[in-house]
Amino acid sequence: MAQNYNSMYIKASGEQPIVINKAFCNVFGDMKTAAFLSQLLYWFGRGKYKGWIWKTIEEMQNETTLTRSEQDRAVKKLKKEGVLKTKLHGAPPCRFFNIDEERLQEIMSDYYTKRDESENVLSPEEEIKEQLEIRQREIQERLTIETRKQQEEDEKKYGPLLPF
């Protein structure tokens with residue numbers, strides 16, 4: 001029986017794996033922002049503060065391994081994209097995060113649309129082949145038209161051509 005080594009190491013470490021949405025890496029440009037957002041989404045809707053998730057820097061670092069500066073960069077990027085709102089609350093202050101679900105869905109929808117369209121794009125070799133086929137059809141059509149014109153001219157000059 002084949003052994004899943006990843007599962008073996010997860011079990012041996014006693015720690016939870018970090019689940020990162022690959023699409024977030026592509027959309028936001030780096031794995032750290034994707035890890036941060038993925039972790040917030042894991043906690044989204046589980047707290048007692050309607051729509052808000054609270055996490056200290058230390059808690060997020062324990063859950064994602066992201067340092068304070070890495071978290072700050074991820075927050076800055078997500079806020080710039082309009083996906084994340086933040087506020088400080090309590091003493092000592094605790095960070096609260098709110099995910100704009102509509103904005104995130106809009107961004108992801110755009111990403112999936114562009115990705116699907118790009119999958120329909122031909123490779124350079126396929127593009128050349130398609131252009132050659134189009135050119136060949138155009139040449140064949142012109143030859144057919146020219147041949148018909150020539151036959152019509154010949155028939156006018158010499159009369160109807162007899163089939164062989």
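The following conversation walks through a predicted model of a single chain.

Student: How many helices and strands does the chain have?
Tutor: The chain contains seven helices and three strands.

Student: And in what order do the elements run from the N terminus?
Tutor: The order is α-α-α-β-α-α-β-β-α-α.

Student: What is the radius of gyration of the chain, and what would a compact globule have?
Tutor: The chain has a radius of gyration of 31 Å, whereas a compact globule of 164 residues would be near 15 Å.

Student: What does the C-alpha trace span along its principal axes?
Tutor: The spans of the C-alpha trace are about 105 × 45 × 25 Å.

Student: What share of the residues is buried?
Tutor: Of the 164 residues in the chain, 22% are buried. The accessible surface amounts to about 13000 Å², and carbon and sulfur atoms account for 52% of that surface.

Student: Take contacts between residues at least 6 apart in sequence. What percentage join residues at least 24 apart?
Tutor: For contacts of that kind in the chain, the figure is 55%.

Student: Changing topic, how many positive and negative side chains are there?
Tutor: There are 27 positive and 28 negative side chains in the chain. The centres of these two sets are 9 Å apart.

Student: Now to helix H1. How many of its residues are buried?
Tutor: Helix H1 covers residues 5-13, and the number of buried residues among its nine is zero. The helix is thus described as hardly covered.

Student: Where is Ser38?
Tutor: Ser38 belongs to helix H3, which runs over residues 31-43.

Student: Is Ser38 buried or exposed, and why?
Tutor: Ser38 is buried, because its relative accessibility is 10% and the cut-off for buried is under 20%.

Student: Which residues is Ser38 in contact with, leaving aside neighbours within four places in sequence?
Tutor: Ser38 is in contact with Val19, Ile20, Asn21 and Phe24.

Student: What about cysteines: does Cys25 count as buried or exposed?
Tutor: Cys25 counts as buried, because its relative accessibility is 18%. Cys94 also counts as buried, with a relative accessibility of 10%.

Student: How many disulfides does the structure hold?
Tutor: The number of disulfides in the structure is zero. A disulfide is a covalent bond that links the sulfur atoms of two cysteines.

Terms used: Residues numbered from 1 in each chain as written. Predicted model: local features only at pLDDT ≥ 70, side-chain atom pairs only at ≥ 80, totals over all residues. Heavy atoms only, no water. Helix = DSSP H or I, 4+ residues; strand = E, 2+ residues; numbered from the N terminus. Rg over C-alpha atoms; globule rule 2.2 N^0.38 Å. Buried < 20%, exposed > 50% of the residue type's maximum accessible area, 1.4 Å probe, protein only. Contact = heavy atoms within 4.5 Å. Areas by Shrake-Rupley, 256 points an atom, 1.4 Å probe, with all protein chains shown as cover. Lys, Arg positive; Asp, Glu negative; His and termini not counted. Charge placed at Lys NZ, Arg CZ, Asp CG, Glu CD. Disulfide = S-S within 2.5 Å.
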